Structure formats: structure tokens, C-alpha cells
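Hi there,

Here's the structure I promised to pass on.

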Amino acid sequence: MIIPRSHPRYLSLKTREQLVKGNRSGLVVPEGLIAHGRGEAFDYILGEKTGRSAKSAITAAAALLLTARRPVISVNGNTAALVPRELVELARAVGGDVEVNLFHRGRDREMRIAKTLMRSGASRILGVGKEASGRIPGLESMRRKVDPSGITKADVVLVPLEDGDRATALRRMGKKVIAVDLNPLSRTARAANVTIVDNVTRALPLLNREVRRLKRHNRSRLDGIVSGFNNEKNLVTAVKEITSYLDKWNGV
Ligand code: PTJ
């Protein structure tokens with residue numbers, strides 16, 4: 001489908017089209033389309049822009065990734081369809097790995113996602129096939145399957161578009177979790193150490209830019225950014241951003 005650039009909802013329609021295409025080519029599960037719909041609804045009441053709270057979380061996430069010993073960028077179907085290049089660029093910039101981790105795991109889809117990431121510049125992809133022989137304790141879903149040289153060993157894991165349980169399980173394993181979730185009320189948002197309440201399509205390019213900017217800073221400055229960030233408070237700010245955006249429509 002050709003979407004005219006002049007269409008007032010061009011970006012939103014383009015994103016939908018990317019996911020539909022991803023679904024037809026076997027990257028995205030139908031459930032991923034539903035999940036995107038929920039995300040869109042939250043994005044709408046956020047004013048479809050990156051708010052102050054998201055910007056603070058992006059800075060904290062960049063500092064956390066830059067100070068990590070073994071950062072891992074976890075990739076699912078939706079993110080592989082929407083921001084593959086940005087995810088690979090991020091992993092490279094922070095000296096981390098890219099790992100495929102799926103809720104609806106299937107050999108064919110793992111391979112397709114890995115291929116997409118390779119085409120986007122990745123040189124090695126973890127978590128595919130037999131490589132996902134590790135397990136996250138206390139997790140029943142397919143997301144429990146992880147790569148022993150990736151998420152198992154990681155100290156910081158970025159989990160864009162998560163389903164909730166894994167963020168909690170990763171925290172139990174002592175890992176620091178960064179989530180990207182348009183829903184500030186979700187279990188993932190509340191379980192993560194740093195939650196970026198923003199669309200992955202906006203957040204990932206901004207996160208890469210922030211990593212490039214913060215790379216110039218020394219370790220103690222970066223540690224200071226991380227310790228000065230409070231996720232709970234930042235989520236309250238995100239909810240306030242939604243309510244004040246809605247107030248505008250009330251004429252308040
Ligand atoms: O590819 P798989 O098999 O790993 O499956 C991926 C999905 C997304 C289907 C799976 O993780 C899932 O079911 O997720 P949930 O529980 O529906 O949660 C997805 C969360 O992501 C929701 O809170 C949405 O608001 C949010 N979300 C959806 N689209 C975006 C988003 N957040 C940021 N950017 C988006 N584009």
C-alpha cells in the first residue's frame with residue numbers, strides 16, 4: 001500500500017504498514033498487531049511525542065548501557081519489524097550483543113528475525129535455535145529460553161515491548177532492566193529499573209543519539225546519572241503528562 005506523505009497520520013500509517021508487512025513475511029505474530037494497537041492507544045493520549053519523562057529515562061538508559069559490563073539488547077518480532085537498524089546500532093555503540101527472545105517462539109520466525117538483524121548490520125545474533133539453551137528461573141513462557149552467553153550472563157538487558165513476567169524474572173536474577181513501553185501502567189513498566197514511556201520508533205533513534213552524546217562523559221558522571229534516576233517517580237511524571245495532555249481537550 002502506498003501512503004501519501006502528505007497524509008496527516010503518515011507516520012502512524014507507515015508504522016502499521018511495517019508491522020503488517022512484518023506479519024506477512026513471518027516476523028511479527030498476529031498478537032503483535034494487537035499489542036501494537038494497545039500501544040497506539042497510549043501513544044495517542046501521550047500526544048504522539050516524546051515527553052519529558054521519556055527523555056529523562058532515555059538519558060538514564062544510555063548511561064546504564066554505557067556503564068554495563070555485558071549489555072544485551074533483546075529483540076522480538078515487533079521490534080525487528082520496526083527498528084532493526086537502530087537496535088543493531090545500539091548494541092554496537094554500547095559494546096553489547098543482540099539476542100532474539102520471543103514470547104511466541106518458533107524456529108522459522110527466530111531465523112527470519114536473525115536474518116533481518118544481519119541484513120541490518122549485525123555480525124552475530126544470540127538466542128537462535130539450540131543456542132537458547134539457558135533458562136530464566138521461575139518463568140513458564142517461551143521467553144524463559146535464553147542464550148547462556150547472552151541474557152544469562154548479561155548485567156543490563158534492554159527489553160523493548162515486553163510481556164511483563166520476564167522483566168520481573170530478570171530483576172530476580174539481579175539484572176538491571178530497561179524497558180520501552182507506551183503503557184506506563186504495565187507490569188513491565190513498573191518492574192523495570194528504567195522505563196522509557198515512548199514509541200520504540202521514536203525512542204530508539206533518541207537513545208542512540210544519547211549514547212553518542214554521553215560516550216564523552218566519564219564513569220562517575222554516568223554512575224551519577226543512573227543513581228539519580230527514580231523509575232517510580234518518572235512513571236508518575238509520565239502519567240501526569242497524559243493527564244495534562246487530556247486536560248487540554250477538556251479546556252482546563
Ligand atoms: O514477538 P513475540 O513473540 O515476542 O511477541 C511480541 C508481543 C508484543 C506480541 C508480546 O511481547 C506481547 O504480547 O506483548 P504485550 O503483553 O501485548 O505487551 C506489549 C506492550 O508493548 C504493551 O504494553 C503495549 O502498550 C506496548 N507497545 C506496543 N507497541 C509499542 C509499545 N511500546 C512502545 N512502542 C510501540 N510501538
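**What I found in the pockets**

By class, the second largest pocket has a lining of 10 nonpolar, 12 polar and 9 charged residues. (Nonpolar means Ala, Val, Leu, Ile, Met, Phe, Trp, Tyr, Cys and Pro; charged means Asp, Glu, Lys and Arg; the others, Gly among them, are polar.)

Before you go on: this is a predicted model, where local features need pLDDT of at least 70 and side-chain atom pairs count only at pLDDT 80 or more, while totals for chains, interfaces and linings use all residues. Residues are numbered from 1 along each chain as its sequence is written, and side-chain values use heavy atoms, with hydrogens and water left out.

A pocket here is an open set of points on a 1 Å grid over the protein atoms alone, where a 1.4 Å probe fits, with protein on both sides within 12 Å along at least five of seven lines; lining residues have an atom within 4 Å of a point.

Back to the second largest pocket: 31 residues line it, and Ala35, Arg38, Leu161, Glu162 and Asp163 lie nearest its centre. H2 gives the largest share of that lining, 7 residues. (Helices are DSSP runs of H or I, at least four residues, numbered from the N terminus.)

Now the largest pocket. Its lining has 37 residues, with Lys14, Thr15, Gln18, Leu82 and Thr201 nearest the centre. Here H1 supplies the largest share, 11 residues. By class, this lining has 14 nonpolar, 10 polar and 13 charged residues.

Cheers!

Note on methods. Helix = DSSP H or I, 4+ residues; strand = E, 2+ residues; numbered from the N terminus.
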